[in-house]
Amino acid sequence: MAEVKHGEELLRVEHLCQYFGRTKAVDDVSFSIYKGEVFGLVGESGCGKTTTGRSIIKIYDITSGNIFLEGKRVAAGVMSYKKAIAEAKQKLKTAATAEEKAALKKEIADNREEIKKALHVQKKEKVVDKVQMIFQDPIASLDPRMTVREIIAEGLIINGEKDKKVIDEKVFEALEKVGLVREHAGRYPHEFSGGQRQRIGIARSVIMHPEMIIADEPVSALDVSIQAQVINLLNDLRKEYGITIMFIAHDLSVVKYFSDRIGVMYYGKLVELASSDELFAHPLHPYTKSLLSAIPLPDPDTEKNRKRIVYDKLKDHDYSKQGPTMREIVPGHFVYCNDEEAERYKKICAE
Amino acid sequence: MDKILEVKNLKISFRTNSGIVRAVRDISLDLEKGKTLAIVGESGSGKSVTSKAILGILAGNSIVEGGEILYDGMDLLKIDEEQMHKVRGDKISMIFQDPLSSLNPIVKIGNQITEATLLKNKANRREARNQFNSVLALLRQAMVDSKACSEEKAKEMCGTFDTFCIKANKFEHLYNVDDEVCEDCSAHLKDLLFKAEKNQKQNVKYIVGDVLNKTGNFKSEFFVHEYKEKLANASKEVKELLSDYKPTADNNRLGEKLENAIKELDSVIEAMYNQTKPNFFRIGFYALKNPNEDIYSEDTEALNEKALKFLDENFMLEFLEYTEKALKYSAEKYLAKKREAVKVLQEQLSYFDGTISEKESKARAKVMTGAVLGAIDPLEIKKDNRAYTFDTGINDAVNRYFRFEKQNPKEQARFDKQTAKVEKLKARGKKVDWKVVPANIVDLDLLKKNISNVINGLIDDYSEFDKNFEKIAFSERKVEIVDFFKDRASKVVYKITRSMAKENAIKLMEEVGISEPRMRYNQYPFEFSGGMRQRIVIAIALTADPEILICDEPTTALDVTIQAQILELINDLKKKRNLSIIFITHDLGVVANMADDIAVMYAGKIVEQGTASDVFYDPRHPYTWALLSSMPDLDTKEKLESIPGTPPNMIYPPVGDAFADRNKYAMQIDYEMQPPMFEISETHRAATWLLHPDAPKLETPAIIRDRIARMKAKNNNGGEING
């Protein structure tokens, strides 16, 4: 059984919702990331894992929920407050006593205040100097017209660094960190191979000395041999500089190898969250099981006899009586389920 | 084993601004029928180039320096565009790496999926009919010539065979169509019942109505006869109850009566598609000769027996006897012609040793081609590749020689100028770090040798045939030829209507993981996300029903669940349609699932080749080791062994082993000489000097040894997966 010992909490996501019109890309997701760990986020394409990462670095304004970085609220959504106001107004129409009315009016006023605060947070708070992102496609994410030096230094310059010497020094430092050499600074992205380009992307993200890096499928576009180089590099960076990494990927073998804790997402919901060994040893949610059964392994005999478990929302759950919520089955192992399922899972774990 | 596609000594280069890139350097591959061959390697190793060469879609700056790709009596490298049209997409189909650009933006998805099926179906039927007729006519002539029977008798027999063969297949086709529809209907009903139980909203009236409509329109008398009444009763009851059915907002359940009625209908349908299938080939003949008998109401088994006896007594035994005689006669006749052809070939061969002139060479090639084509036995079903490709092969080799013999004055001028420049620089004591691209990039001696190789190859083939002639089993070949007719006849009657094509497309869309396929069938490509579009493209490639499917990293951009789904789908189709697959990928996990045989490519060469278990459980080449140890599996804890550096620049291919620079086990000889292919077992070969008897004995790296041991232990424990 995995021990539950965490460092300081670095990032906390509370009831994050991100809606695009009627599409609920991320729906009520909560989790924490601790200092120095690698948090893996897996799920099929379109399940909202990338959106979660992008919401955290505020590429989108979130619809509802809060995001805290080192205890400070950095992003907030207003939808939940708006909903509360609408409900209170509805009640106000039918409220009988004066006391009730007063209470409801106060509620509305409070919520309006919250909205103001949230909007302020949304506009003013910045996370980019503390949280950086590495993108999936190393070709598309580097501007072909800029030299490597310009690409890497851009963040510094935007943040007000003017001294050319300091910039150069920092760029060289970042290049060396990721295993490139100074001479590379003057070249253009097209002169590099795929793995080297991804290194440039990593150098760009580490130059600001971020607390955390969000790596959005950093190795999916690379060859196997190069993949190993990049994963080893990220591992070194984390060990040497204590950078916390949120690792978004769909290659489960890589996530398993790289992450301390893993969250599994399905259609905008977080369905299971556990330490990586625990998750792979005792997958509880049927979707996780189906996901694990689909991993291709370099072993022809197992592969030829493999039975993929198919996840069917309707067949696997009975939520007609009680809807599911996130529950802790064993310490550190959360599953999205209802009471009846929780009992069942607890029994499985006890065995 | 039945080879369906052979790649022999293929060499491909690309002419670029900075020089000639040697992309594929002398590789040979065999693809067996119904098997999957996986080509594994990094990007730039030449795997995609090989597959594109097979389809004849190489980029304009490519040069095919040598080699052959043999398929169905053709050399795909040498046939003209007109012939290639018949092969590409039709017989050999491909799923591309980047499918996003291969959809037409202004045509609805549904039409794009069904387009190929409908167009191809028509052409296929026509072609099958032509083949059927021409081979049957040849057989008839051979029967008469061999004096097996009189001309009238042969005419009558072949006529009867034609009629009943087609008739039988028509029966069978109708039956199969109904059977498939029936299975679908049952699945729809079961799904409906399940969803209703879970109180899901659905369009019950539409679904049930659709099923009733389909089951009311069965065409095969064999299929419905026994169940006609039952089906009518059950349908009637459902129809009556359905008109009263009114779902509310919270209650989508069916109600007891309707549910029971639907269950009853489902059980009838299920019984229908579980009934034993009659043997239509026999029954076709029986029905032809006894048109007035009511064959539908008879018990299937009894009818099968009776029809078999009737067929054997009245037709088949006699027909087979004549066929055997005819086949033997024809083979003997063409054996004599083959012997003559060998003589002609040997006479002409000596000419190509000395200096040759273009006019003379072409005339001689024509003489030889005439002799060889005349010696092909048209009644041989299996096409002898060499003889069929002789025409294109020899002409191509001759043309190529004379095309390169002519000096290109422009190139020559450039070469002279550049050499002069280099000399000048050298004279001034400067270092020159670039090479002069030679004016003539092709070796003329080699090209000349290619010509005699083509001739020699055929001579060897024919003398081999001559030697083994006594061993040919004509009793087997007569069955083979009847099977051939059956196959063609089934293709002749295989008519796909627009609605059938639509149903197939929707089923396939569902299989590749597109939800609500009925709605999406009428959407345009821009309404789909990237992953969805890729699935559509895969669906399109699969509907074309090819013989060989080339998959160029089809699932690289998809997530695991969909990847697993699509691999399963490809595997299913492979079994169902006896597809042969070339699967190109860099993901070894995917390969383990799919491949029967594996070829590992590096820098344009095959470094290791073997069956899946050979390569995964007993890897020998350091590059295979590196590939295996650089990917984590679920139990990996140690640091990954990444391969240092990048693949070599193929403008200047290394003299020795291309992998030597990145190989920590490299020896001195690896830098000096190309390692040959060492045979490890009958199926397993690898090109590394480590396998030379004089090389130091090296153990497989620990990380791989451990993993293999772990995998074997796991497999012995009953194949438990993922803990």
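Reply: In this predicted model, H3(B) and helix H16 (residues 498-511) of chain B pack at an angle of about 120 degrees, and the two helices are therefore oblique to each other. Their axes are 9 Å apart. H3(B) passes H16(B) in a right-handed crossing. On the side of H3(B), the contact is made by B:Gly110, B:Ile113, B:Thr114, B:Thr117 and B:Leu118. H16(B) contributes B:Arg498, B:Ala501, B:Lys502, B:Asn504 and B:Ala505. Sorted by class, this contact has four nonpolar, four polar and two charged residues.

H3(B) also packs against another helix. Helix H3 spans residues 109-145 of chain B, and helix H4 of chain B spans residues 151-197. The axes of these two come within 9 Å and cross at roughly 150 degrees. An angle over 145 degrees counts as roughly antiparallel, so H3(B) and H4(B) are roughly antiparallel to each other. The crossing of H3(B) past H4(B) is right-handed. Here H3(B) uses B:Leu136, B:Leu139, B:Arg140, B:Met143 and B:Val144. They meet B:Glu151, B:Ala154, B:Lys155, B:Cys158 and B:Asp162 in H4(B). By class, the contact of H3(B) with H4(B) has six nonpolar, no polar and four charged residues.

In soluble globular proteins, nonpolar side chains tend to be buried together. The largest nonpolar core of this model has 182 residues, and those touching the most other members are A:Ala203, A:Met246, A:Phe247 and B:Val600. Helix H18 (residues 530-543) of chain B gives the largest share of this core, eight residues. A second, separate core has 49 residues, including B:Met143, a residue of H3(B) that takes part in the contact with H4(B). B:Phe132, B:Ala142 and B:Ile481 are also among the members of the second core.

Leaving out residues up to four places away in sequence, B:Val600 touches B:Val40, B:Gly41, B:Ile606, B:Val607, B:Glu608, B:Val615, B:His621, B:Tyr623 and B:Thr624.

Last is the meeting of the two chains. Contacts join 45 residues of chain B to 38 residues of chain A. On chain B, helix H19 (560-577), helix H20 (588-594), helix H21 (612-617), helix H22 (622-629) and helix H24 (702-716) each supply at least two residues of the side that touches chain A. By class, that side of chain B has 18 nonpolar, 18 polar and nine charged residues.

Terms used:
Residues are numbered from 1 along each chain as its sequence is written. Chains are lettered from A and ligands numbered from 1 in the order in which they are written. This is a predicted model: local features need pLDDT of at least 70, side-chain atom pairs count only at pLDDT 80 or more; totals for chains, interfaces and linings use all residues. Two residues are in contact if their C-beta atoms, placed from the backbone, lie within 7 Å. Helices (H or I, at least four residues) and strands (E, at least two) are DSSP runs, numbered from the N terminus. Ala, Val, Leu, Ile, Met, Phe, Trp, Tyr, Cys and Pro count as nonpolar, Asp, Glu, Lys and Arg as charged, and the others, Gly among them, as polar. Axes are lines fitted to C-alpha atoms, for helices over the stretch in contact, and angles run from 0 to 180 degrees between N-to-C directions. Angles under 35 degrees count as roughly parallel, over 145 as roughly antiparallel, 65 to 115 as roughly perpendicular and the rest as oblique. A crossing is left-handed if the near helix is turned anticlockwise from the far one by less than a right angle, and right-handed if clockwise. A nonpolar core is a set of buried Ala, Val, Leu, Ile, Met, Phe, Trp, Tyr and Cys residues joined through C-beta atoms within 7 Å. A residue is buried if 20 or more other C-beta atoms lie within 10 Å of its own, exposed if 12 or fewer, and partly exposed in between; C-beta atoms are placed from the backbone.
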